[in-house]
Amino acid sequence: MKKTCNKCGEDNTINSKYCRNCGYELPYNAIEETSENIPAKPKRKITRANLIGIIVGAVVMISISTIFQKWIFSAPTIDKVLIKAADELNKMCPIMADSETRCDNAIALPNKRFLYNYTLINFEKGMIDTLEAKKLLAPNMINSIRTLPDMKLFRDKKITITYSYKDKNGNYMFSIVVTPEQYTQ
C-alpha cells in the first residue's frame, strides 16, 4: 500500500508522514484503536543524557545538511540552493540523528528560511517539559551554527533555521527558531 503526495504525485510508503520527493506533509490515514487495545506505558522523564543526545543529534544533522548544501551549490539564488539541499537531505530521511531523535525531513521555505522536522521517538507529549528542553537546546544550537565550519553558508546568507519537534505519535511538541541576529552576535 502506498500514499500519494497531494502536491507532487510521488508515491510514498504507507507509514510516511512527509513526501520523500518534495517534503510536503502527506495525508493522514487514521487506524482506529480503542483504549482497551492500547497497553498503558510508563512515562519516561527526559534526562540530561537524553538532552545531550538530542543536542548532538541536531548538530550532526546540521553538519550533514550543510555538506549537501556545499556539494550542490550551483543554483543562482539562495532559496534554490536551500531547496536542493532539503531535497538531498530528504533522500536520506527518515534518518536517526541519535538514539532519541529522528530527522523526518527538511524543508526550504521562502525568504531564506530552513526547517528541520524531528521526532522524539521515545517520548509522548506531556512527558517532557518543553520550556526546559528549549532552554537547554537553543544555546547549543545557536553556538553550533555560530562556530561550525559547515554552517558558514547559513551564516553568510543569514538563514533563519527552525527546528520543529514532534512526539512519537506525531503530536507537535515545540519549535526552536534561530535567527541570524542570534548567531551573529
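How many nonpolar, polar and charged residues does the lining of the second largest pocket have? The lining has seven nonpolar, two polar and three charged residues, where Ala, Val, Leu, Ile, Met, Phe, Trp, Tyr, Cys and Pro count as nonpolar, Asp, Glu, Lys and Arg as charged, and the others, Gly among them, as polar. The model is predicted: local features need pLDDT of at least 70 and side-chain atom pairs pLDDT 80 or more, whereas totals for chains, interfaces and linings use all residues. Residues are numbered from 1 along each chain as its sequence is written, and side-chain values use heavy atoms, without hydrogens and water.

Among the lining residues are Lys 7, Tyr 24, Asp 87 and Ala 108. A pocket is an open set of points on a 1 Å grid over the protein atoms alone, where a 1.4 Å probe fits, with protein on both sides within 12 Å along at least five of seven lines; lining residues have an atom within 4 Å of a point. The helix α2 (78–92) gives the most to this lining, with four residues; helices are DSSP runs of H or I with at least four residues, and strands are runs of E with at least two, numbered from the N terminus.

The strand β4 (101–109), which supplies at least two residues of the pocket lining, also belongs to an open, mixed sheet of five strands in the order β3-β4-β5-β6-β7. Its edge strands are β3 (95–96) and β7. β4 and β5 pair in the antiparallel sense over eight bridges, pairing being defined by at least two DSSP bridges. Thr 101 stands opposite Leu 120 in β5, and Tyr 165 touches both Thr 101 and Leu 120 (heavy atoms within 4.5 Å).

Methods. Lists of a residue's contacts leave out its neighbours within four places in sequence.
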